[in-house]
Amino acid sequence: MTQQGHRIEITQGTDHVRVTHNGRLLADTHRPLLLAETGYPVRYYLPPEDVRTDLLTPSSTHTVCPFKGTASYWSLPGGPEDIAWAYPEPHAEVAGIKDHLCFYEVELG
């Protein structure tokens, strides 16, 4: 997708991606979606089935991206706040990331 000089590309990855916090495994997948967006580092969007959503609590935080839509955030009880986000209703051009969670920090390998 290219809009107003802004480009977003989503590809299916096969990297092993893990997310941990204080030794607790929050996510583990071999099927991340890689989202490359103008001006940002590549982000890994993880299928909800591969995320321990039972450990996360929906946050009241929402942000709006003109290219992706409105993001909802998730926190760990006791912190950190807003550790991950997802787009429950993304724009049609990036529909593939629907409900996939993205964390600020991931481990590869």
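## Pockets, aromatic cluster and strand pairing

Twelve nonpolar, two polar and three charged residues make up the lining of the largest pocket, where nonpolar means Ala, Val, Leu, Ile, Met, Phe, Trp, Tyr, Cys and Pro, charged means Asp, Glu, Lys and Arg, and polar means the others, Gly among them. The structure is a predicted model, in which local features need pLDDT of at least 70 and side-chain atom pairs count only at pLDDT 80 or more, whereas totals for chains, interfaces and linings use all residues. Residues are numbered from 1 along each chain as its sequence is written, and side-chain values use heavy atoms, with hydrogens and water left out.

**The largest pocket**

- At least two lining residues come from each of the strands β5 (33-37), β6 (43-46), β7 (57-65) and β8 (69-75), strands being DSSP runs of E with at least two residues, numbered from the N terminus.
- Strand β7 contributes the most to the lining of the largest pocket, with three residues.

**The second largest pocket**

- The second largest pocket has a volume of about 190 Å³, and of the 13 residues that line this pocket, Val-19, Thr-20, His-21, Ile-83 and Glu-105 are the closest to its centre.
- Strand β3 (residues 17-21) supplies the most to the lining of the second largest pocket, with four residues.
- By class, the lining of the second largest pocket consists of six nonpolar, two polar and five charged residues.

**The aromatic cluster**

- The model has two aromatic pairs, counted where ring centres of Phe, Tyr or Trp (its six-membered ring) lie within 6.5 Å, with planes under 30 degrees apart called stacked, over 60 edge-to-face and the rest tilted.
- Tyr-73 and Trp-85 form a tilted pair, with 6.2 Å from centre to centre and 40° between the planes, and this pair links distant parts of the chain, since Tyr-73 belongs to strand β8 and Trp-85 to strand β9 (residues 84-86), twelve residues apart.
- Both partners of that pair are buried (under 20% relative accessible area, with exposed meaning over 50% and partly exposed in between, for a 1.4 Å probe and protein chains only): Tyr-73 has a relative accessible area of 10%, and Trp-85 has a relative accessibility of 7%.
- Trp-85 also forms a tilted pair with Tyr-104, at 4.7 Å from centre to centre and with 55° between the planes.
- Tyr-104 counts as partly exposed, because its relative accessibility is 45%.
- Taken together, Tyr-73, Trp-85 and Tyr-104 make up one aromatic cluster.

**Strand β8 and its partners**

- Strand β8, which carries Tyr-73, is mostly covered, with five of its seven residues buried.
- Strands β7 and β8 form a hairpin with three residues between them, and they pair in the antiparallel sense over six bridges, where pairing requires at least two bridges found by DSSP between two strands.
- Within this pairing, Thr-57 has Ser-75 in β8 as its bridge partner.
- Strand β8 also pairs with β9 in the antiparallel sense, over three bridges, and here Ser-72 has Ala-86 in β9 as its bridge partner.

**The open sheet around β3**

- An open sheet of three strands runs in the order β4-β3-β11, with antiparallel pairing.
- Strands β4 (24-29) and β11 stand at the edges of this sheet and have a single partner strand each, so one side of each is left without a neighbour in the sheet.
- The antiparallel pairing of β3 and β11 extends over two bridges, and Arg-18 stands opposite Glu-107 in β11.
- Asn-22 lies in the loop between β3 and β4 and counts as exposed, because its relative accessibility is 75%.
- Between Asn-22 and Val-106 there are 13 Å in space, C-alpha to C-alpha, while the two residues are 84 residues apart in sequence.

Technical notes
On a 1 Å grid over the protein atoms alone, a cavity is a set of points where a 1.4 Å probe fits but cannot get out, and a pocket is an open set with protein on both sides within 12 Å along at least five of seven lines; lining residues have an atom within 4 Å of a point. Grid points are joined across faces, edges and corners, and a volume is the space filled by probe spheres set on the points.
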